[in-house]
Amino acid sequence: MTDPAAFGDDSNWLGGYYELAIEIRPGDDAHLGDVLRGLWSAADVRGCFRHRDREPEAQEAVPCTAASLIEFGYLHGRVRLPTGQLVVCVCMAIRGGDEGSDWLDLCVPAGALDNAAVVYGNDRPCFTSAVLDDWFADIGTEAFARAPFLLGVIGWEVSGCADASSLAGQLPQARNIGYLVPRGEVLHYGAANT
């Protein structure tokens, strides 16, 4: 079986991402850095690296900062799934510019999930996994306690699929993805239910 924690195995990086996408204040690099550090710590990501095609032992670690993320576009590490497997992960910032929201995404590639034999598919229109959703919700909740954010969404390539201003602090009744919606200083989790 392929090692799902191997950076140099291209199969680990294929097929899209299961992710926790966090909406942050637009254009605020300080907020991006605070949420990044909170997220990295909450997920207990091992290492922080620039290159995904070199094993961590064969490259220098980079600081887990907004400056590194902006300079390199992605930060890579390893994270332990709730099923116990260590897998590759990637973090990216998606900047919306003047017209959109900014997002910080912590992602586990489908290839790594496949190589770890994690089940995440079903008959719904998009892949879901209650185990991964709840794990990402726990990570998001801990990260929010360290650095509050505007909204979190959890699922298959969900970045930007909703926004805090449209939700106005309310969880949707029917949810095909997970939501982390702040109301004041309290973060509310709504699991996927459709």
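Is the crossing of H1 and H4 right-handed or left-handed?

## The crossing of two helices

In this predicted model, the crossing of helix H1 with helix H4 is right-handed. The two helices, H1 covering residues 29-42 and H4 covering residues 130-146, pack at an angle of about 135°, and their axes lie 8 Å apart. Because an angle that falls between 115 and 145 degrees is neither roughly perpendicular nor roughly antiparallel, H1 and H4 are described as oblique to each other.

On the side of H1, the contact is formed by Gly-38, Leu-39, Ser-41 and Ala-42, while H4 contributes Ile-139, Glu-142, Ala-143 and Arg-146.

## Helix H4

Helix H4 is made of 17 residues and reaches 24 Å from its first C-alpha to its last, which is close to the 24 Å expected at 1.5 Å a residue. Its buried residues are Leu-132, Asp-133, Trp-135, Phe-136, Ala-137, Ile-139, Gly-140, Ala-143 and Phe-144.

Leaving aside residues up to four places away in sequence, Gly-27 touches Arg-95 and Asp-102. Gly-27 and Arg-95 are 68 residues apart along the chain, and their C-alpha atoms are separated by 7.5 Å.

Terms used
Residues numbered from 1 in each chain as written. Predicted model: local features only at pLDDT ≥ 70, side-chain atom pairs only at ≥ 80, totals over all residues. Heavy atoms only, no water. Axes fitted to C-alpha atoms, helices over the stretch in contact; angles between N-to-C directions. Helix = DSSP H or I, 4+ residues; strand = E, 2+ residues; numbered from the N terminus. Parallel < 35°, antiparallel > 145°, perpendicular 65-115°, else oblique. Left-handed = near helix turned anticlockwise from the far one by under 90°. Contact = heavy atoms within 4.5 Å. Expected span 1.5 Å × (residues − 1). Buried < 20%, exposed > 50% of the residue type's maximum accessible area, 1.4 Å probe, protein only.
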